[in-house]
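Biologist: Please take a close look at the part around the ligand, and at the sheet and helices that go with it. I would like the cut-offs stated along the way.

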Amino acid sequence: MPRPSPQTSRRSSHRPSKRPSGPSGPGAEYETEALDGLEAVAQEELKQVPGVRDQRGSRFWFPGDPTRLTRLRGSVAVYRIKTFDVPRPKALLGHQQLGELSAFLLPVIAYGGHGSFRLSAAGRESSTMRRLAEELETSLGIPHLPDEGELLIRLRPTENPNRQVVAPPPGQREEERRAPSPHGERNSRANYQGGGRGAARTGAPPRWLRDADPAPTESWDEEEQEAAPEAPFEEGWDVLARLTPRPLSARAWRACNMAGGLNATIAYAIFKLAGVREADRIFNPMSGSGTLLIERDLLGPSAALVGVDNDPAAVRCAQQNIQAAGRQIEVAEVDALNTGLPPRSFELIVADLPWGDAITVPGGNEALYTAFLREMHRLCSRQGRLVVLTHELKLFERLIAEQDRWHAHELFQVYSGGHHPKAYLLSRN
Ligand SMILES: C[S@@+](CC[C@H](N)C(=O)[O-])C[C@H]1O[C@@H](n2cnc3c(N)ncnc32)[C@H](O)[C@@H]1O
């Protein structure tokens, strides 16, 4: 067993285009998307990004090259957004609006290297959406792949609080007027962690992969000069175009995928809320594919960072990911309930516990969780913290209520991949 070792609007006839003006100068408007339950963490991260201004929740203005936005760790996606002065999506099929829509989308494709597109909107199967997809295939020059398109284009009624609800004309389909569920597409895609494709198809890698830390470029702003409205519309439709072919949660370091692998934005949120302290010796029992270890290491140095898993395939998987991330983190094949480590070895212990059918000990998860809480109490320093992520909410809360070693409070509950796990922060009584 390795010892912890030191290491690191208004609807009207079309108005003439004006140079875009964010609240204090040129820029483009964006919106981030986070898993349900992690919005506050994502918005807090956004606040720290130099250049972000006029932040209203997850929507904001940003000048120049958006590469910095594609490095957000708490969001699953970042979109460029534009409000179109139209009463319903059908109006986007008009010559002028279609031109504006293409002019809005083409720079996103040039930036992200997307090789195909798909539409996400209420009434995705409607004749309007089918025609829009056909028109866009021609003007964007990439195929429409309804389920797998890399450029995700979302349409929804604009969320301007001054918006007046206009009665639909007779015969208009209800789903064309309704907002799509903000999470409709998210939950199936946000947890996707496979390899990307679009970048390779274009030959050179897209800019968001190429540029380490580029300075804002003129050309990105120039695209906007004819595009952004001067003032918000009181009604209209928002078009959102995802900047990257894959969700931001599909990390570049993920060379190895494992069933039960954690969405990386959840790992990020855990550490942001549990505290990132350089003096912490950190233990990740049951480390699986290494998501928590890598995301913690990327947040900054620590006094020690060690992971264990009793499944050799998981250890190999974590090592592959750690190598792909270019980090040096110790992971060993060890039973987390029997590490042989001295008492009080760690200031922070973080675990994503097995759940459901993934039962690993006789007696099932109740026996496993009970033994886990006992052993982690031994390994945790006096002022230490233990963070537990679990889907077994009833079981975990009952076990906490039945013992007096730990005091627990809920950090967050998140909706991810069709599940609602909770993260708890525990301190020693
Ligand atoms: C939910 S998965 C962790 C997933 C991980 N967070 C990731 O992102 O890949 C739980 C892990 O606990 C491991 N495990 C179960 N019982 C264990 C034990 N007694 N000691 C060490 N690891 C154990 C399993 O092999 C599995 O990899």
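Modeller: What follows goes from the ligand shell to the neighbouring helix and then to the sheet.

This is a predicted model, in which local features need pLDDT of at least 70, side-chain atom pairs count only at pLDDT 80 or more, and totals for chains, interfaces and linings use all residues. Residues are numbered from 1 along each chain as its sequence is written.

The shell around the ligand holds 21 residues, of which Leu-262, Met-286, Gly-288, Ser-289 and Thr-291 come nearest; a residue is near if its C-beta atom, placed from the backbone, lies within 6 Å of the molecule. Two or more shell residues come from each of α10 (291–298) and β9. Helices (H or I, at least four residues) and strands (E, at least two) are DSSP runs, numbered from the N terminus. By class, the shell has 10 nonpolar, seven polar and four charged residues. Ala, Val, Leu, Ile, Met, Phe, Trp, Tyr, Cys and Pro count as nonpolar, Asp, Glu, Lys and Arg as charged, and the others, Gly among them, as polar.

Met-286 sits in the loop between β8 and α10. Its phi is positive, about 65 degrees, although Met-286 is not a glycine. Most residues other than glycine have a negative phi. Met-286 counts as buried because it has 23 C-beta neighbours inside 10 Å. The cut-offs are 20 or more other C-beta atoms within 10 Å for buried, 12 or fewer for exposed, and partly exposed in between, with C-beta atoms placed from the backbone. Arg-344, in the loop between β10 and β11, also has a positive phi, about 55 degrees, without being a glycine. Arg-344 has 16 other C-beta atoms within 10 Å and is therefore partly exposed.

Helix α9 (residues 264–274) has 10 of its 11 residues buried, so it is largely enclosed by the rest of the structure. Among the buried ones are Ile-266, Tyr-268, Phe-271 and Lys-272. The buried residues of α9 pack against α1 (39–47), α10, β11, β12, β13 and β14, where a contact means C-beta atoms, placed from the backbone, within 7 Å. Just after α9, Gly-275 takes a positive phi of about 105 degrees.

The sheet is open and has seven strands in the order β10-β9-β8-β11-β12-β14-β13, with mixed pairing. Two strands pair if DSSP finds at least two bridges between them. Its edge strands, β10 (330–333) and β13 (406–413), each pair on one side only. Neighbouring strands are turned by 20 degrees against each other on average, direction ignored. Axes are lines fitted to C-alpha atoms, for helices over the stretch in contact, and angles run from 0 to 180 degrees between N-to-C directions.

Within this sheet, β8 (residues 281–285) and β9 (residues 304–309) pair in the parallel sense over five bridges. Asn-284 has Gly-307 in β9 as its bridge partner.

Two helices lie across the strands. Helix α11 (residues 312–325) lies across β9 and β10 and runs at about 165 degrees to β10. Helix α12 (residues 364–379) lies across β8, β11 (346–352), β12 (380–390), β13 and β14 (422–428), at about 145 degrees to β12.
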